[in-house]
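Here is a short report on how the chains of this assembly are built and how they meet. Keep the structure open while reading.

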Amino acid sequence: MSATEFVKVTIDERTVEVPKGTGMVETAAAAGIEIPVFCYEPRLGAPVGACRMCLVEVEGMPKLQAGCTLTAQDGMVVKTARTSTQAAEGQNSTLEFILVNHPLDCPVCDKGGECPLQDLTFRYGPGNTRMTFPKRTFEKPIPISPLIALDRERCILCYRCTRFSENVAEDGQLVAINRGAQSMIATFEDEPYRGHFSGNVTELCPVGALTSTQYRFEARPWEIQKVPTVCGLCPVGCNISATTREGKVKRVLSRNHPEVDEGWLCDKGRYAFDHLHARDRITAPLRKAGPRRFEQLTWDDALDAVEAALRAGGSSTVTALSGGESVEEAYGLAKLLRQGLGANEAVLPEDVPDNLDAFRAPLSALRTAKTIAVLSSTPVVERAPVVDLWLKAARRLGATISYTRPAGAVDALVTDDPAHAASVEATNVYFLPLTPNGRGVADAWSAAGDGEPADVEPAVLVISGDEAALNPGVRALAERADTVIGFGMFEESFRGIADLVLPGTSYLERDGTTINLEGRLQRQRRAVLAPVPDVLAWLAKLAERFGVELSPYAANVFDEVAAKCFGEIRYADVGEIAELPPRAERRAATREPGSQTEPGSGLRLVAYKPLFSGPAVERTPELQFQRPNGELQMHADDARARGIRNGQTVTVSSNGTSLELKARLMRNLARGTVRVADGQQGDLHPEVEVRA
Amino acid sequence: MSTLYEEIQEIRARYPEDVESAVLPALRRAQEEHGWLSADVIREVADALESTPAYVHSIASFYDQFHLAPVGEHLVEVCTNVSCALVGAQQVLEALESGLGCHAGETSADGKVTLRAVECLGGCGWATIVAVDDHYRTHVKPDDVPALVEELAGGA
Amino acid sequence: MAPEIVFKDATTKLAEYEASGGYTALAKARGMTPQEVTDELIASELRGRGGAFFPTGRKWSFVPSKDQIPKPHYLVVNADESEPGSFKDNEILSRVPHRFVEGCLITAHAIDSKHVFVYIRGEYEGPYEILVGALEELKDRPEIRGDVTIVVHRGAGAYICGEETALLESLEGKRGQPRSKPPFPAISGLYASPTVVNNVETIVTVAPIITMGAAEYVKLGVPNTRGTRVVSLSGNVVNGGNYEIVPGMTIKAIIDELGGGIAGGRELKAVVPGGSSTVILTKDEVDVGYDFDSLSAKGTAMGSAGIVVLDDRCCIVQLGIRFSEFYEHESCGKCTPCREGTRWLTAILRKLEDGRATQSDLDLLLDVCDRINGKCLCPLGDSDAIIIASYVAKFRDEFQAHIDEGGCPFGGESSLDGVLAPIQMHTHSPVAVVPA
């Protein structure tokens with residue numbers, strides 16, 4: 001492996017040594033010098049040099065150069081606005097030109113106070129205007145979706161948003177139209193910006209042109225607190241920053257973990273925090289008072305009732321976990337039940353394999369993989385959205401991605417099926433679990449007791465969390481139980497099945513840890529106080545009644561679990577940008593030859609669980625438009641073989657039943673498979689035929 | 001007889017896979033077929049290219065020759081850049097406005113002719129250039145306009 | 001009389017072209033190695049005829065070998081001719097299409113390319129049909145075509161697509177916005193592969209050079225501008241048209257001898273020597289050789305060889321407005337100074353023309369030009385600034401008169417008075433708001 005070549009660059013009066021080829025903006029930053037930028041954003045691809053904000057003087061070149069497009073070469077001498085009047089004039093000119101048409105909206109603009117245009121104008125721009133002509137005006141703001149408002153007058157046409165849509169999310173939804181000074185940012189007609197990642201443009205936008213509708217007029221930057229935490233809605237575990245004001249979450253921004261999310265966030269993680277304020281939020285313990293009715297209890301009465309029920313259930317108590325609990329919550333519950341009652345039987349939504357630790361790698365390693373196999377019947381973007389962005393980045397860099405079982409070894413395997421994980425030879429394996437913390441919850445459960453799970457008829461069923469309560473399998477189990485005790489956030493989830501319900505909290509309201517799909521342990525910090533006690537708080541009280549020692553503090557619970565599962569790590573050390581533990585020892589496992597599904601003449605129908613579903617999304621009005629719209633995803637070659645055109649309405653039929661859907665041709669799925677969102681497949685069986 | 005969708009697949013075959021080069025010829029074909037590029041036509045082209053309407057609209061709206069609003073049966077474009085203007089292009093344009101009864105940028109009342117001023121058509125020494133349905137007439141003078149108007153009215 | 005090289009034995013028919021020796025240069029070139037062909041072009045001192053005037057053979061030599069970069073090589077011919085005043089490529093494609101195709105094939109051989117794209121401006125329906133007709137004639141001549149495919153790709157009306165990287169973007173199916181250079185097209189051009197972009201006239205000269213040999217070609221012209229050049233002559237001359245000249249001939253001679261002098265018995269006032277983007281020359285400056293060195297010494301350039309002749313009826317402020325409106329309309333919108341600056345310049349010029357300008361507006365005009373020039377991503381914005389500054393520099397009195405007299409001294413009689421520019425019409429997009 002060759003050593004990194006370092007080069008010496010002189011910037012203003014300072015010299016700095018950086019790896020050869022480092023971008024000039026980063027080189028200057030290494031020297032402690034700012035080169036101001038608008039359009040420059042390395043995550044969007046190669047620099048474009050469009051806005052001309054970063055103009056610098058380079059020795060040997062007569063004209064000013066766009067600093068963002070320069071890379072460090074040995075002996076380069078660069079002068080920024082600090083030491084070059086030419087560069088200062090150039091940057092001043094750029095700002096003057098931007099402000100020629102930019103409206104003086106600061107007093108009413110959400111971006112005010114956290115606005116790069118304001119900041120750079122103060123630092124590099126003119127103090128007043130010489131432009132006396134009418135500015136170009138637009139109708140404003142216009143909603144480009146229920147989530148995002150567009151103000152075209154404020155737009156400085158830096159093209160960050162369109163480059164995101166084209167080169168990162170690759171959704172082709174947000175574009176520039178017209179030309180020159182008449183250019184505008186737009187979606188098609190008045191169709192909304194539908195996509196899994198639309199909200200990122202509001203963070204990318206350096207002015208108040210693209211703003212969050214949820215956050216409109218909600219707060220000024222000097223009134224808010226920012227809490228660093230981790231999203232709990234999917235197994236990626238994107239690092240987020242919760243903006244709070246007066247004890248309420250007002251918005252969620254990315255916090256940029258370079259290995260996990262690179263600063264991107266899906267719209268569910270960004271906008272679904274509305275669920276904290278849902279109308280049917282459980283704020284007090286409940287007892288069943290009718291077939292679909294609850295009545296409130298005091299906490300004392302509730303704990304008495306739960307204790308009594310648990311005692312009656314004893315070791316025939318079965319627990320249904322959601323996989324969304326924190327490690328500490330899961331451990332607390334497990335310790336109470338396993339050690340207090342000898343109830344060792346738990347139902348988890350899925351089997352998360354634990355033998356993949358030898359193949360674990362950061363998600364960022366996907367970007368540089370050259371050969372990737374994606375063996376997932378669920379679209380990756382629906383289950384672990386940001387992983388799809390890493391895959392797209394890899395493809396843009398030239399990786400070959402195969403959607404069927406590869407013949408030989410690959411650099412990376414992404415799969416939702418443990419069987420594939422066992423049978424494909426890959427350097428790195430990324431398993432896509434169904435739940436945000438399935439691995440953490442499973443580890444916590446097994447760490448909390450030694451007893452053998454017994455396959456018992458549930459006398460008592462404990463349902464942990466709304467997702468479990470909504471699970472059809474769990475609901476079937478609930479029918480068989482004598483007593484059902486549940487805890488979660490929303491009344492609706494437990495109506496008709498639970499006898500007792502205790503209030504639960506959101507990931508935004510708790511301290512704790514979770515393990516994401518990489519196997520990375522991450523720290524969730526309480527952003528706001530819940531309207532109800534911590535889950536750990538009442539678990540500790542209950543545990544006491546059964547003679548089980550359980551601390552109500554997440555830090556202590558963590559240390560107890562960590563000692564058993566995570567090795568030498570303290571709670572305080574988990575860190576805000578958490579590290580991925582090194583790979584485990586590879587067990588000498590024999591590769592089981594996996595079965596290749598023989599392509600039949602028919603097509604396999606997969607009904608996938610869409611990202612925009614679930615209790616949190618249902619309680620976020622602004623996200624409803626993102627729910628799937630009745631399209632059948634089909635491989636372009638399968639379509640062509642059947643004379644089916646992109647966008648055509650097709651008939652999908654299986655034994656005795658058929659449905660009409662719109663065909664959407666894609667290339668990032670396996671041949672022989674068609675996909676539709678769960679709930680839109682009607683009565684179709686898994687084997688279907690599709691006809692024009 | 002192939003459909004627009006099929007024709008666009010043929011156009012795509014002229015270029016390497018995985019590139020969007022076909023969009024310009026595809027839009028031109030669609031405009032020839034439909035007269036102008038309505039939202040539905042844009043959707044049709046997008047589907048045929050396996051791309052999105054927003055993207056196709058972004059391309060179409062960048063170029064002067066794509067009509068995103070209805071146009072008449074005939075398109076009359078007068079170059080009013082400097083070389084043509086120096087020898088009377090504005091007078092030719094005004095004669096056409098008067099003869100057709102509409103302003104430049106508009107379509108005549110009977111829907112037959114859309115009149116536009118355009119930038120340099122690349123016939124400068126043969127000024128004034130008037131493109132009638134994409135074919136250049138050279139050395140056009142204001143006196144030539146009545147005959148042209150009549151020609152267009154006769155459904156030529 | 002200039003020797004005819006570009007237009008010699010002009011014909012659109014394959015049979016006639018072959019009868020007068022057509023496609024023998026191609027056979028000769030194919031008998032040479034690519035390096036030998038490139039060396040011949042270097043020796044000929046042929047320089048690009050599109051406006052940048054870069055030595056052609058040297059540009060070809062920048063293409064890396066397929067061992068260095070294992071990607072296909074592309075020849076892209078820039079037939080997007082849209083510079084006001086320039087219409088030579090129109091005539092070249094219309095009259096000598098086979099000579100042009102032969103040039104494409106020879107160049108493809110020299111740069112080891114199997115794919116040629118001819119990007120022709122959408123408005124050139126006539127030349128397009130002729131070119132396609134010529135290619136049709138070659139359908140049954142595989143020995144001429146070899147294993148090279150030629151795709152004619154029509155533009156759709158955007159001057160900026162004449163800038164080579166914007167052309168490549170447009171050809172790739174994106175909006176025609178220029179790229180930052182480096183990387184240069186020779187390394188990463190079309191589809192991120194090594195690409196040579198050449199002008200039509202450059203390409204059409206290649207076969208004659210191979211036939212006559214570089215040594216002969218170099219005897220024509222003057223140092224730094226060898227061979228012949230096709231110049232476009234337009235404006236207030238008697239005989240506008242394209243003329244193949246030997247560089248060194250003065251602008252005055254071009255106007256008087258080839259152009260038949262000023263039309264209508266009027267007086268010459270000014271000349272735009274190389275298409276709209278070049279610094280203007282006053283009537284006292286036209287006794288200058290039409291070649292690179294002579295025009296550089298005068299602070300201007302040959303550009304795309306579009307000579308626009310203005311007589312004494314023309315108000316220079318109106319000239320500035322009309323050209324500035326052109327640049328404003330054609331700006332792609334990518335970089336800030338061009339997008340905002342061209343619009344601002346036009347507005348200030350209008351204020352001057354309407355007699356509402358003050359002295360400080362003239363200073364402002366020049367300062368805005370200064371703030372645009374040298375800051376843009378591509379030459380479009382810079383050009384607007386450069387030419388307006390040159391109009392003020394050389395016709396300052398006329399600008400001053402607009403201020404002092406509170407209006408245009410031509411009183412509505414200027415040849416460019418009241419000209420409607422496309423930017424003033426409603427745009428074709430129903431969504432856009434038309435600026436006031």
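## Salt bridges and contacts

Arg49(C) pairs with Glu201(C) in a salt bridge, with 3.7 Å between the closest N and O atoms. Arg49(C) sits in the loop between helix 3 (34-44) and helix 4 (56-61) of chain C, and Glu201(C) sits in helix 10 (residues 200-212) of chain C, so the pair ties together parts that are 152 residues apart in sequence. This is a predicted model. Over all chains, the count comes to 94 salt bridges. Side chains of opposite charge can pair when their charged atoms come close.

Four of these pairs are set out below.

| Salt bridge | Closest N to O distance |
|---|---|
| Arg49(C) and Glu201(C) | 3.7 Å |
| Arg226(C) and Glu45(C) | 3.4 Å |
| Arg322(C) and Glu119(B) | 3.0 Å |

## Inside chain C

Chain C splits into three parts: domain 1 (14-219), domain 2 (225-311) and domain 3 (316-425). The centres of domain 1 and domain 2 of chain C, taken over C-alpha atoms, are 26 Å apart. In this pair, 19 residues of domain 1 of chain C are in contact with 22 residues of domain 2 of chain C. Together the two domains of chain C bury about 1,600 Å², with 51% of it on carbon and sulfur atoms. On the domain 1 side, Phe53(C), Glu83(C) and Phe87(C) supply 28% of the area buried against domain 2 of chain C, more than any other three residues.

Polar links also cross this boundary. There is one salt bridge between domain 1 and domain 2 of chain C. Arg226(C) and Glu45(C) form a salt bridge at 3.4 Å. The boundary between domain 1 and domain 2 of chain C also has 15 residue pairs in polar contact. Helix 5 (88-95) and helix 11 (214-219) of chain C each give at least two residues to the domain 1 side. The largest share of that side, three residues, comes from helix 5 of chain C.

Chain C also holds an open sheet of four strands, in the order 3-2-1-4, with parallel pairing. Its edge strands are strand 3 (149-154) and strand 4 (195-199) of chain C, each pairing on one side only. On average, neighbouring strands of this sheet are turned by 20 degrees against each other, direction ignored. Five bridges join strand 1 (residues 74-79) of chain C to strand 4 of chain C in the parallel sense. Across that pairing, Val76(C) stands opposite Val197(C).

## Chain B against chain C

How many residues of chain B are in contact with chain C? There are 47, and they meet 67 residues of chain C. The two chains bury about 4,300 Å² between them, 58% of it on carbon and sulfur atoms. In chain B, the residues that lose the most area to chain C are Phe62(B), Leu86(B) and Glu119(B), together 16% of what that side buries.

One salt bridge is counted between chain B and chain C. Glu119(B) forms a salt bridge with Arg322(C), at 3.0 Å between the closest N and O atoms. Polar contacts between chain B and chain C come to 23 residue pairs. Several elements of chain B supply at least two residues each to this side, among them helix 2 (23-34), helix 6 (89-100) and strand 2 (113-118) of chain B.

## Chain C against chain A

The contact takes 40 residues from chain C and 40 residues from chain A. Chain C and chain A bury about 3,400 Å², with 53% of it from carbon and sulfur atoms. Five salt bridges are counted between chain C and chain A. On the chain C side, helix 14 (316-330), helix 15 (336-353) and helix 16 (359-372) of chain C each give two or more residues. Helix 15 of chain C gives the largest share, 10 residues.

## Inside chain A

Chain A has an open sheet of five strands in the order 2-1-5-3-4, with mixed pairing. Strand 2 (14-19) and strand 4 (65-66) of chain A are the edge strands. Strand 1 (residues 6-11) of chain A runs antiparallel to strand 2 of chain A, joined by six bridges. Thr10(A) stands opposite Thr15(A) in strand 2 of chain A. Helix 2 (residues 85-101) of chain A packs on the sheet and touches strand 3 (55-58) and strand 5 (77-79) of chain A.

Terms used:
Residues numbered from 1 in each chain as written. Chains lettered and ligands numbered in written order. Predicted model: local features only at pLDDT ≥ 70, side-chain atom pairs only at ≥ 80, totals over all residues. Heavy atoms only, no water. Pairing = 2+ DSSP bridges. Contact = heavy atoms within 4.5 Å. Axes fitted to C-alpha atoms, helices over the stretch in contact; angles between N-to-C directions. Buried area = accessible area lost by both parts, 1.4 Å probe. Salt bridge = Lys/Arg side-chain N within 4 Å of Asp/Glu carboxyl O. Polar contact = N/O pair within 3.5 Å; in protein donor to acceptor, adjacent residues only side chain to side chain. Domains from an automatic or database assignment.
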